[in-house]
Amino acid sequence: QVQLVESGGGLVQAGGSLRLSCAASGRTFAHYTVAWFRQAPGKEREFVARINWSGGTTSYADSVKGRFTISRDNAKNMVYLQMNILTPEDTAVYYCAAARLGGRAASDYGYWGQGTQVTVSS
């Protein structure tokens with residue numbers, strides 16, 4: 001079992017930055033793929049970024065590529081999402097998720113955090 005808790009969300013102006021954190025528990029956390037998803041009101045949950053267990057392989061949605069960076073520190077059981085050059089279209093609840101095998105589909109992931117709100121004003 002893996003438990004995840006997100007933090008770091010808030011209100012920021014367009015062009016600004018936020019750093020989200022995901023604190024994980026579980027002995028096998030270091031062997032899990034971890035991803036960030038986001039969901040805006042009235043829209044489906046969408047993939048944002050993922051990172052493999054070693055941290056050596058990452059992937060990003062086209063909408064955030066070049067602006068967001070996912071990273072992890074297995075010694076601290078932490079995963080991060082650095083978000084730069086934010087736009088109002090980035091406004092959503094952001095979730096971290098974990099799975100032994102995870103791609104870009106939300107259904108791949110069995111462990112989820114509670115979410116943290118990110119609001120970008122114009």
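**The ring cluster and its surroundings**

A: Let's start at Trp-112: the charged end of Arg-45 sits over its ring, 4.8 Å from the centre. (A charge sits over a ring if NZ of Lys or CZ of Arg is within 6 Å of the ring centre and within 35 degrees of the ring normal.) Another case is Arg-100, which lies over the face of Tyr-32 at 5.5 Å from the ring centre.

Before going on, keep in mind that this is a predicted model: local features need pLDDT of at least 70, side-chain atom pairs count only at pLDDT 80 or more, and totals for chains, interfaces and linings use all residues. Residues are numbered from 1 along each chain as its sequence is written, and side-chain values use heavy atoms, with hydrogens and water left out.

Now the rings themselves. Searching the whole structure turns up 6 aromatic pairs. Tyr-95 and Trp-112 make an edge-to-face pair, because their ring centres are 6.3 Å apart and their planes stand at 80°. This pair links distant parts of the chain, with Tyr-95 in strand β9 (residues 92–99) and Trp-112 in strand β10 (residues 111–112), 17 residues apart. Tyr-109 and Trp-112 are edge-to-face too, with centres 6.4 Å apart and planes at 75°. As for the terms, rings of Phe, Tyr and Trp (its six-membered ring) pair if their centres lie within 6.5 Å; planes under 30 degrees apart count as stacked, over 60 as edge-to-face and the rest as tilted. Strands here are DSSP runs of E, at least two residues long, numbered from the N terminus.

How covered are these rings? Tyr-95 is buried at a relative accessible area of 14%, and Tyr-109 is buried at 5%. Trp-112, at 26%, is partly exposed.

Phe-37 takes us into the strands. It stands opposite Phe-47 in β5. Strand β5 (residues 46–51) runs antiparallel to β4, and 5 bridges join the two. β4 is mostly covered, with 6 of its 7 residues buried.

Next, the charges. The whole structure has 4 salt bridges, a salt bridge being a side-chain nitrogen of Lys or Arg within 4 Å of a carboxyl oxygen of Asp or Glu. One of them brings together the side chains of Arg-38 and Asp-90, at 2.9 Å from N to O. Arg-38 belongs to strand β4 (residues 33–39) and Asp-90 to the loop between β8 and β9, so this contact ties together parts that are 52 residues apart in sequence. Both Arg-38 and Asp-90 are buried.

Asp-90 also meets Arg-67 in a salt bridge, at 2.8 Å from N to O. Here Arg-67 lies in the loop between β6 (58–60) and β7, so the pair ties that loop to the one between β8 and β9, across 23 residues of sequence. Asp-90 is buried at 1% relative accessibility, and Arg-67 is buried at 15%. Salt bridges with shared partners join Arg-38, Glu-46, Arg-67 and Asp-90 into one network.

For contrast, look at the salt bridge between Asp-62 and Lys-65, at 3.4 Å from N to O. Asp-62 is exposed at 66%, and Lys-65 is exposed at 53%.

Four strands form an open sheet in the order β1-β3-β8-β7, with antiparallel pairing. β1 (3–7) and β7 (68–73) stand at the edges with a single partner strand each, so one side of each has no neighbour in the sheet. β7 pairs with strand β8 (residues 78–83) in the antiparallel sense over 6 bridges, and the bridge partner of Phe-68 is Met-83 in β8.

Terms used:
Buried means under 20% relative accessible area, exposed over 50%, partly exposed in between (1.4 Å probe, protein chains only). Two strands pair if DSSP finds at least two bridges between them.
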